[in-house]
Structure formats: C-alpha cells, structure tokens
Amino acid sequence: GLTMVIVAALAVLSCGGSSTTSQTGTTPTASGQLALMGTDAPVCGVASFSVTITSATLTPQGGAGPVSVIDSSNPVTVDFASLMGFNTLLNLASVPAGTYSQISFTFMPDPQLTVLEGTPPTPTSINATMSQTTVTANINPALTVSSGGSSGLTLDFRLFYSIQTNS
C-alpha cells in the first residue's frame, strides 16, 4: 500500500498588537492575551489532514524557560486540509508579557490523512506517520506580548511541503 510520511514544515507569522487601558488604583497585569491561529493553503487530492497538537510553547528572548500556549492536558485537533487558506483559532492563552523568538509544537505521531484517488475520485484513508513529532520555528520579527494587551500568532502548516510518499 501507499504510505505517507509527514514532514512538519511550517512558517510562523506574527501579528503584534496591544490594546492597553489604564485605570486609577489598579495594578497592571504582567501578562497579555495571545491568539494562536492555524492556516494552510489547499493541496490537490488531499480531502482531510487531521493533526493533534499535544503542546505548543513559546521561548522568550534571552533564554528564559518556555511558556505553554497549548497544554498537553488540553490538546487541539485541527483538519489543516479543511482550512483552505482560512485561519482557525487553535487556542487563546494568557502569557507573561515579553518578547518571544521561537515557538515549538509537539504533534501526535499518527495524523489522519484522506486523499482522493481514482476516476471518479474516491476518498481513501492513507497510513500516515510523522517523521518528527516536535517542530521548532523562529518567530521573525519576534512576537511582543504587552502587559494587558492582545497579540496574535499564526501557524502556516504548509501541507504541500509536508507530505512525502513512500510506495
């Protein structure tokens, strides 16, 4: 049979922004909100590509410890093939204010892949494995999360570059 090997190729796009307000008599928070988004472009012949993200962490500039934005106790499953150029919210997290230069994702090793085969095209499930289950990407420009502000970070999975066939 045909086996697909998934090589996690991704690009990280950051959108910084803040909407801070000050109130008399209150202490500003030392954290901000981060919207973690996922997107992908369509790939001919791929009907579905469901991947479970078991964790995602941001690495602060300066080497402090990683900050969790998707916790392993609450994994996120997303069908990247269904995004077709659209964004979906993966998680909304409160993170310490600061500047972050890397993000790491950990995936379940067994994604669900359905391709269209034959004439007429028929959905067919394919055995798929991840060649690596952890991927780290640089965030450039670095992501700045302001105290009391809101920021966004988009993961482009790049499915077209991620699927390799072994027959």
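Q: How do you know that strand 3 (residues 31–39) and strand 7 (residues 87–96) pair, and in which sense do they run, parallel or antiparallel?
A: In this predicted model, strand 3 and strand 7 are joined over 9 bridges in the antiparallel sense. Pairing asks for at least two bridges between two strands, and therefore these strands count as paired. One place to look is Leu34, which stands opposite Ala93 in strand 7.

Q: What makes strand 12 (residues 150–156) a partner of strand 3, and in which sense, parallel or antiparallel?
A: Strand 3 and strand 12 share 7 bridges and pair in the parallel sense. The definition needs at least two bridges, so this pair, too, meets it. Within strand 12, Leu153 is the bridge partner of Leu36.

Q: How many helices and strands does the protein chain have, and in what order do they come?
A: The chain has 1 helix and 13 strands. Read from the N terminus, the order is β-β-β-β-β-β-β-β-β-β-β-β-α-β.

Q: Why is Ile53 called buried?
A: Ile53, which is placed in strand 4, has a relative accessibility of 0%. Buried means under 20%, so Ile53 is counted as buried.

Q: Which residues are in contact with Ile53, once its neighbours within four places in sequence are left aside?
A: Ile53 is in contact with Ile70, Pro75, Val76, Leu90, Phe105, Thr106, Phe107 and Leu155. For one of these, Phe107, the separation from Ile53 is 54 residues in sequence, while the C-alpha atoms are 4.5 Å apart in space. Another, Val76, stands opposite Ile53 from its place in strand 6, and strand 4 and strand 6 pair in the antiparallel sense over 4 bridges.

Q: Which residues of strand 6 (residues 76–79) lie on the covered face, and which on the uncovered one?
A: Val76 and Val78 make up the covered face, whereas Thr77 and Asp79 make up the uncovered one. As background, side chains in a regular strand alternate between the two faces of the sheet.

Q: What makes the pair of Phe105 and Phe107 a stacked aromatic pair?
A: A search of the whole structure finds 1 aromatic pair, and it is formed by Phe105 and Phe107, with 6.2 Å from centre to centre and 15° between the planes. Rings pair if their centres lie within 6.5 Å, and planes under 30 degrees apart count as stacked, so the distance makes this a pair and the angle makes it stacked. Phe105 and Phe107 are both buried.

Q: Why is Ser104 called buried?
A: Ser104 lies in strand 8 (residues 98–107) and has a relative accessible area of 15%. That value falls under the limit of 20%, and therefore Ser104 counts as buried.

Q: How do you know that the side chains of Ser104 and Thr136 make a polar contact?
A: The distance given for the contact between these two side chains is 2.7 Å. Leaving aside neighbours within four places in sequence, Ser104 is in contact with Ser55, Ala56, Thr57, Val135 and Thr136.

Q: Why is Thr129 called partly exposed?
A: Thr129, in strand 10, has a relative accessibility of 39%.

Notes:
Residues are numbered from 1 along each chain as its sequence is written. This is a predicted model: local features need pLDDT of at least 70, side-chain atom pairs count only at pLDDT 80 or more; totals for chains, interfaces and linings use all residues. Side-chain values use heavy atoms; hydrogens and water are left out. Buried means under 20% relative accessible area, exposed over 50%, partly exposed in between (1.4 Å probe, protein chains only). Contact means heavy atoms within 4.5 Å. Rings of Phe, Tyr and Trp (its six-membered ring) pair if their centres lie within 6.5 Å; planes under 30 degrees apart count as stacked, over 60 as edge-to-face and the rest as tilted. A polar contact is a pair of N or O atoms within 3.5 Å; within protein, one must be able to donate a hydrogen and the other to accept it, and residues adjacent in sequence count only if both atoms are side-chain atoms.
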